[in-house]
Amino acid sequence: MTSTPQPDAATDRSSRRAAVFLRRAVVEVRGLRSDQGRRRLLAAATALGVVLVARFALGLAALVGSALGYSVTPWPSDFTATPVGQFLGSFVLYPFPFYLVAFVVLLVVCPVDPDLPLPRVLRHGVVAGAAGTVALAVVGIVPGVAASLSGGTWVNLALYLTTIPFAAGVVDTALLLVGVVVAWHGSRAGTPSLDDAAETAPAETAPAATATVETPAVEEAPVSAADRVAHPERDPAPATRPTPPRGTSAADDWSRFAPPAADDGDER
């Protein structure tokens, strides 16, 4: 018979996971001061910047189209219904939760590192886009409930929870993937590879051979007989022969084996 898990155990496990996630998030935030943290921050900002530029271009095109056919009388007095209000709503107000959550995920949970392969970087972008889409759905509960109460039907709430965030999330996720690829290529171009580091490393130089300088032996002056009688304790240093030059050996010196000179007949 298998025992069913108790609610207290599940609560403890969930609290431990939340504590581990918060501790990891704190460590990642503190690591932003390092060089790797700065590179991750720049990569996440680059990926989100591509989404912002594309969103701004799309909103500007819609603003121009709405301004061309804009008329004051058929439009309601609400500012969000004007072309400028629609532009701000589509560019800043509504997708802001997506921007914030996707940026945090790319910075802390799924960073864009230059050492990672491109398929894994794309998966990180998909995870960030999915998290941003969920954030849009969660934030859409408030306007969905307000629209449902004013309209007398709960269909608006269903739309704000499903189709509206999904349609916006798919477009923003596609743009985010483009930004992730751009950030990944930029980070790899700014980080030197191992081959480049090996080529730029200074070559080891062999130690230069030290030239040996020969000091010729100096033969001391001979001590006279009078000095020996006056100073018997002085022992004259033995005379040293000059060191033969390099390349000649003692075996080549045959002068000590020469016969004595012959005596002349005049001395007899």
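Predicted model: local features only at pLDDT ≥ 70, side-chain atom pairs only at ≥ 80, totals over all residues.

Student: How far apart in helix H2 do Arg38 and Asp35 lie?

Tutor: Start from the general idea. An α-helix has 3.6 residues a turn, so residues three or four places apart point the same way. In this case, Arg38 and Asp35 are 3 residues apart, about one turn of helix H2. Helix H2 covers residues 35-68.

Student: Is Asp35 buried or exposed?

Tutor: Accessibility is read against two cut-offs: buried is under 20% relative accessible area, exposed is over 50%, and partly exposed falls in between. Asp35 is exposed because its relative accessible area is 53%. Arg38, at 48%, is partly exposed.

Student: Which residue forms a salt bridge with Arg40?

Tutor: Asp113 does, and the closest N and O atoms are 3.0 Å apart. This pair links distant parts of the chain: Arg40 is in helix H2, while Asp113 sits in the loop between helix H4 (96-109) and helix H5 (118-139), 73 residues apart. Asp113 has a relative accessible area of 13%, so it is buried. Arg40 also counts as buried, at 15%.

Student: What does Asp172 pair with?

Tutor: Asp172 forms a salt bridge with Arg55, and their closest N and O atoms are 2.9 Å apart. Asp172 lies in helix H8 and Arg55 in helix H2, so the pair ties together parts 117 residues apart in sequence. Helix H8 covers residues 163-190. Asp172 is buried, at 0% relative accessible area, and Arg55 counts as buried at 15%.

Student: Which residues is Asp172 in contact with, leaving aside its neighbours within four places in sequence?

Tutor: A contact here is heavy atoms within 4.5 Å. For Asp172 the contacts are Val51, Arg55, Pro95 and Phe98.

Student: Next, the sides of a helix. Which residues of helix H6 are buried?

Tutor: In helix H6 (residues 141-151), the buried residues are Gly144, Ala147 and Ser148. They lie on the same side of H6 because they cover an arc of only 100 degrees around the axis. The cover over these buried residues includes helix H7 (155-161).

Student: What does the face of H6 turned away from its buried side carry?

Tutor: That face carries the exposed residues Val142, Leu149 and Ser150. Just after H6 comes Gly152, which takes a positive phi of about 80 degrees.

Student: Last, the surface. Which residues make a nonpolar surface patch?

Tutor: To join a patch, a residue needs over 30% relative accessible area and no salt bridge, and nonpolar side chains are joined within 5 Å. Here Phe79, Val84, Leu88, Val92 and Leu93 make a patch of about 440 Å².

Student: Where is Leu88, and how is its accessibility read?

Tutor: Leu88 is in helix H3 (residues 83-93). At 34% relative accessibility, Leu88 counts as partly exposed.

Methods
Residues numbered from 1 in each chain as written. Heavy atoms only, no water. Patch = residues over 30% accessible without salt bridge, like charges linked within 9 Å, V, L, I, M, F, W, Y side chains within 5 Å. Areas by Shrake-Rupley, 256 points an atom, 1.4 Å probe, with all protein chains shown as cover. Salt bridge = Lys/Arg side-chain N within 4 Å of Asp/Glu carboxyl O. Helix = DSSP H or I, 4+ residues; strand = E, 2+ residues; numbered from the N terminus. Buried < 20%, exposed > 50% of the residue type's maximum accessible area, 1.4 Å probe, protein only. Arc of directions from axis to C-beta.
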